[in-house]
Amino acid sequence: MKKLRSLWLLLIVPVVVGVVIDRFTKIDLIGAVWVGLRWVGHLFVVSFTLPVWGIILLMLVLPAILALLEFVLARRQPDESYEDYTSDTFFGISWHWRYCRGRLVDDVTARCPRCSGLLDSHEWGYSLTLTCDHCGFEKSFNNMDSLTLRERVRKEIDRKLVTGEYKSVVRRDDPA
Ligand SMILES: [Zn+2]
């Protein structure tokens with residue numbers, strides 16, 4: 001009788017254990033599926049959140065970048081050519097100058113229109129004469145001193161820069 005109960009137990013225990021394991025396995029499976037779904041859902045949340053932020057960022061940044069690029073290119077084009085404008089002839093004299101940080105420097109240099117030699121200034125009262133030691137060129141101005149002449153030259157340079165007339169001078173002086 002005792003042996004029979006042991007045999008019965010031997011039969012019932014694996015079944016119970018199997019059912020329990022099966023139960024646990026099923027619960028685990030559901031849990032695993034749930035965790036998996038949550039993980040996938042999380043993936044979706046993440047993958048949708050990032051592009052939205054990316055799109056918003058692009059929408060904000062891209063037009064700004066394009067506008068900046070356009071602005072820089074639009075500014076750079078005339079800037080480059082106006083800084084090439086460093087000499088011109090005014091009042092029969094060849095004038096040369098430089099730019100510092102995009103601005104015309106105060107000093108403009110008078111050169112001989114024939115030989116490009118530096119001209120000397122001679123002032124007598126309100127009469128000004130510019131002479132070239134190299135070739136003997138001479139040019140006189142009445143009712144004009146050196147400062148006034150240079151100021152008028154600077155004004156002419158400024159006028160040509162503003163009107164864009166300088167471009168034809170740059171093109172003419174360009175050896176290419
Ligand atoms: Zn000369």
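## Basis of strand pairing

Two strands are taken to pair if DSSP finds at least two bridges between them. In this predicted model, strand E2 (residues 93-96) and strand E5 are joined by three bridges in the antiparallel sense, so they count as a pair under that criterion.

## The sheet E1-E2-E5

Strands E1, E2 and E5 make up an open sheet of three strands, arranged in the order E1-E2-E5 with antiparallel pairing. Its edges are strand E1 (87-90) and strand E5 (109-111), each of which pairs on one side only. On average, neighbouring strands of this sheet are turned by 35° against each other, direction ignored.

Within the pairing of E2 with E5, a specific bridge can be located: histidine 96 has threonine 109 in E5 as its bridge partner.

## The sheet E6-E7-E8

Another open sheet consists of three strands in the order E6-E7-E8, and its pairing is likewise antiparallel. Strand E6 (119-124) and strand E8 (138-141) are the edge strands, with pairing on one side only in each case. From one strand to the next, the twist averages 20°.

Strand E7 (residues 127-132) pairs with E8 over four bridges, in the antiparallel sense. Here threonine 131 stands opposite glutamate 138 in E8.

Technical notes: Residues are numbered from 1 along each chain as its sequence is written. This is a predicted model: local features need pLDDT of at least 70, side-chain atom pairs count only at pLDDT 80 or more; totals for chains, interfaces and linings use all residues. Helices (H or I, at least four residues) and strands (E, at least two) are DSSP runs, numbered from the N terminus. Axes are lines fitted to C-alpha atoms, for helices over the stretch in contact, and angles run from 0 to 180 degrees between N-to-C directions.
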